[in-house]
Amino acid sequence: MVSLCTPPSLGPSSLWSCRQQPAILVWLLIVVWTQVVAARVVSKWPVQNVGGVAGTAAHLPCVAAHSRPADPPILVVWYKDGARRPFYILDLREGEGREEMVDPSLRDRLRSDPSGSRLTLDPARGPDTGTYKCRVDFNDSPTLSAIVTLTIYVVPSRLVVLDANSHPVHGGVLRSLMEGDTLTLYCIASGGRPPPEVTWWKGTTLLSNRSVTVGQDGTLLASHEEGDDVVLTVGVGVGVRYVRTVLTIPALTRDFAHANITCRASNNNITEPLSTTLYLEVYTRPASVVINPPGEPLVEGRQTRLECVAAGAYPSAVITWEKTMAGRSNLLKATSLRLGEVTSSWLTLVPEAGDHGATLTCRAHNPNIPGQAATTSTVLQITFAPRVTLRLGYNLQTRPVTEGEDVFFECEVASNPPPLSINWFKDSVEVVHDRRSGVLVSGNNLVLQMVRRTSAGNYTCAATNTLATTASNIMVLDIKYLPVCVDGPQTVTVAEGQDVRLTCRVDAKPDDDLRFTWYFNNTLDTVEVERHRVQVRPGHSFLDYTPRSSRDYGSLACWATNTVGTQADPCQFTVIEAGPPEHVEDCELVNHTGGRLEVRCSPGSDGGLPQWFVGKVYDAATHSLLVTIKETVPRFQVGGLTPGRDYFITITAVNIKGTSEPQEIDAVRLKVAEKRMGEVTSRRVSPLVGVFLGLVGGFIGLLLLGVSLTLVRSYRCRCLRPEEGSGVGAVVGGVGLSSPTTKAGIATPLQRQQGDVHAGPDVLISANYRALPTTSTPRARVVNSYCGSDGDGGGSHGEGSGDDTQARSLSALWTNRMSSSV
């Protein structure tokens with residue numbers, strides 16, 4: 001029995017109070033009765049199921065119709081889920097405009113076709129799912145209704161793939177998988193209404209559909225196990241969060257190499273399933289590696305080709321070639337071709353002598369599987385010319401070689417066929433067996449006994465077989481030895497207070513760590529030079545030495561020391577006090593024509609001080625001084641002389657310590673212009689010429705002797721000197737003189753003609769002309785004039801008593817020479 005106070009068909013919002021008025025109770029009974037009748041009628045209305053996808057348009061067909069076309073519909077009314085109030089009304093009565101009444105919440109998404117036969121929701125949403133009733137009113141025909149069940153599917157919004165450690169798989173690639181590994185993957189679909197079905201596929205093969213549906217609070221809501229007879233489902237509400245399916249492969253096989261697996265999630269048959277695909281990198285190792293031998297033997301220098309084939313790897317194997325010799329390995333370049341699971345590699349090889357006996361290895365590996373490779377090897381047998389290596393004896397390889405040691409060389413030869421002979425060379429010159437010289441040659445060995453520094457050089461050996469002759473590497477024999485002086489004993493001339501640098505150069509090996517010690521020795525003692533005064537440079541040392549007194553003159557010895565030891569004999573320096581210069585030598589007359597005279601000499605030792613040179617020209621007949629010339633080099637030019645006359649020339653070297661002995665050129669006769677010849681070099685006249693002339697021209701000789709005695713007596717006290725202020729170019733006795741250094745008052749010289757430097761009899765060399773010794777001797781002062789008196793002449797006032805004595809000696813010497821010349 002149903003209580004009238006709480007009608008069972010009404011919800012809590014429709015509770016009625018039993019205290020209402022009786023009229024209302026009657027109305028309520030009528031409504032309940034009407035609903036009961038309507039429920040019976042509904043069961044006879046046509047029902048249609050329609051599906052849609054959220055976000056797209058959903059169409060609701062109104063199938064209410066009748067069989068009389070002349071009676072068109074005038075009103076279409078739509079209800080949802082049994083609501084009493086319609087959400088859409090379409091008025092189609094004639095004579096009036098088409099009118100619509102739409103629920104304001106659906107106005108933007110709802111539209112109907114002109115006939116009212118279809119209602120469209122665009123876009124459809126998940127809450128649009130429900131039961132819709134379409135009621136159609138006609139003018140004459142009874143009202144018709146139809147039921148439309150609309151299901152709006154909300155597709156899954158996201159798929160996520162996790163690995164066995166619940167880490168997301170990014171990029172759609174599973175890497176570092178190997179054959180035989182276990183693979184576990186989880187595919188999780190988020191969202192979707194109703195919950196989607198999640199499955200794993202490999203191509204068209206279903207791998208797994210074992211899925212679970214988990215709610216927002218983590219509660220298991222539904223499960224679907226592959227192979228179950230019954231699929232367990234329960235009602236799913238708004239709490240659904242995700243559906244998870246696990247894929248487990250106990251052992252990966254080659255079928256999964258380079259394969260794609262797909263996870264799909266679908267909850268309708270309208271749209272394509274939501275899916276994600278993973279690429280599996282399953283690596284496999286090579287199953288076999290083989291080197292195919294060449295078709296002919298290997299010969300040095302002849303190109304050959306080797307092939308290596310690897311099969312069974314996926315992806316295809318990478319092949320590398322490696323040559324190993326004496327524990328050292330080198331990678332070789334090759335060309336490879338990959339076809340499926342087979343990789344072929346070709347090595348182009350030009351065998352060398354050093355390849356004989358080497359191990360050639362072909363290595364096939366999958367670069368994605370570290371430390372795993374398949375290899376095969378072969379030993380190279382090569383016919384080659386000698387391969388030669390030269391080595392020092394084992395006891396000399398780690399230490400330097402010094403003079404006096406024995407040196408041992410070993411020539412290592414690898415040859416196929418064996419060598420016929422072995423030869424030794426030093427600096428490209430063959431070394432032969434010589435026991436007396438300490439050179440011992442015996443096959444592969446060379447022994448040098450008691451080596452000297454001259455034994456240093458580049459050594460090689462050469463081996464010869466039937467193919468060729470091969471030279472070894474160059475072995476440089478570097479012999480270390482004690483320091484030895486480069487320069488011999490040196491004599492240094494220096495004045496008191498004057499600085500001089502003494503350089504001690506030595507030849508030593510090694511010379512990069514030389515140490516020098518200097519000792520000074522005089523007649524009193526021997527002392528070591530203070531080290532701070534000694535300067536050391538690579539290969540030499542120098543000492544700046546300044547004598548302060550006579551005790552500072554003596555000898556200095558320099559001793560050098562290297563890693564071998566101290567030199568046996570020191571470098572010697574003799575320091576002597578500076579003195580007058582030595583006389584000039586090798587004087588020659590290079591020109592004496594046309595009133596011009598030119599003399600050139602070689603300087604002697606300068607006595608340790610700067611020197612200059614004084615040249616004087618005298619008239620041979622009168623002994624009068626015509627000109628005095630000073631030059632920095634012993635070369636003099638005098639112009640303005642009278643051709644055909646005889647002149648006497650002296651050349652003296654001078655420094656601040658004194659003068660040298662004068663060098664004389666006697667009886668120079670200038671040629672006249674008509675008989676001008678080339679330059680004549682002064683030279684000594686042989687005494688035989690004088691004897692011959694005396695025998696042939698005795699009378700003439702006696703006459704000349706008388707003339708000479710007369711001239712000596714006439715001019716004995718006569719002294720001639722240049723005028724005051726005269727120098728180079730002064731005029732004496734009306735004759736103009738000139739010098740190349742000063743050109744004032746020089747008359748234009750006559751043009752001279754070059755000729756034979758030895759021609760002409762006008763030059764008479766002094767009979768006592770001789771070369772001076774190299775040692776220093778006292779020098780005479782510069783000769784300015786000849787005077788036969790005791791100094792009363794004008795010349796005595798210019799040069800002093802020393803010059804007077806010299807003039808008298810020169811005058812006597814001139815008389816003797818003139819007499820001897822006759």
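A contact here means heavy atoms within 4.5 Å. The structure is a predicted model.

**Figure 1. The whole chain, with its contacts and surface.** Among contacts with a separation of 6 or more, 65% join residues 24 or more positions apart. The secondary structure comes to five helices and 57 strands. The chain has 822 residues, and 39% of them count as buried.

**Figure 2. The four-strand open sheet S20-S22-S26-S25.** Pairing in this sheet is antiparallel. Strand S20 (288-292) and strand S25 (335-339) stand at the edges. Each has a single partner strand, so one side of each is left without a neighbour in the sheet. From one strand to the next, the twist averages 15 degrees. S25 is joined to strand S26 (residues 342-349) by five bridges. The two strands run antiparallel. Ser 336 has Ser 345 in S26 as its bridge partner.

**Figure 3. The three-strand open sheet S48-S49-S52.** Its pairing is also antiparallel. Strand S48 (585-591) and strand S52 (635-638) are the edge strands, and each pairs on one side only. The twist averages 15 degrees from one strand to the next. Four bridges link S48 with strand S49 (residues 597-602). These strands run antiparallel. Opposite Glu 588 stands Arg 600 in S49.

**Figure 4. Thr 248 and its surroundings.** Thr 248 belongs to strand S17 (residues 240-249). Its relative accessibility is 40%, so Thr 248 counts as partly exposed. Leaving aside residues up to four places away in sequence, Thr 248 touches Leu 183, Thr 184 and Arg 210. Leu 207 is 41 residues from Thr 248 along the chain. The C-alpha atoms of Thr 248 and Leu 207 are separated by 8.8 Å.

**Figure 5. A nonpolar surface patch of three leucines.** Leu 702, Leu 705 and Leu 709 form the patch. Together they have about 280 Å² of accessible area. Leu 709 sits in helix H3 (residues 698-714). With a relative accessible area of 42%, Leu 709 is partly exposed.

Figure 6. Most peptide bonds are trans. The bond from Asn 416 to Pro 417 is cis, with omega near 5 degrees. Pro 417 lies in the loop between strand S31 (407-416) and strand S32 (421-426). The bond from Lys 509 to Pro 510 is cis too, again with omega near 5 degrees. Pro 510 lies in the loop between strand S41 (500-509) and strand S42 (515-521).

Figure 7. Most residues other than glycine have a negative phi. Ala 326 is not a glycine, yet its phi is positive, at about 55 degrees. The loop between strand S23 (318-325) and strand S24 (328-332) holds Ala 326. Ala 326 counts as exposed because its relative accessibility is 77%, and the cut-off for exposed is over 50%. Asp 427 also has a positive phi, of about 50 degrees. Its place is in the loop between S32 and strand S33 (429-431). Asp 427 is partly exposed, with a relative accessible area of 40%.

Conventions
Residues numbered from 1 in each chain as written. Predicted model: local features only at pLDDT ≥ 70, side-chain atom pairs only at ≥ 80, totals over all residues. Heavy atoms only, no water. Patch = residues over 30% accessible without salt bridge, like charges linked within 9 Å, V, L, I, M, F, W, Y side chains within 5 Å. Areas by Shrake-Rupley, 256 points an atom, 1.4 Å probe, with all protein chains shown as cover. Salt bridge = Lys/Arg side-chain N within 4 Å of Asp/Glu carboxyl O. Buried < 20%, exposed > 50% of the residue type's maximum accessible area, 1.4 Å probe, protein only. Pairing = 2+ DSSP bridges. Axes fitted to C-alpha atoms, helices over the stretch in contact; angles between N-to-C directions.
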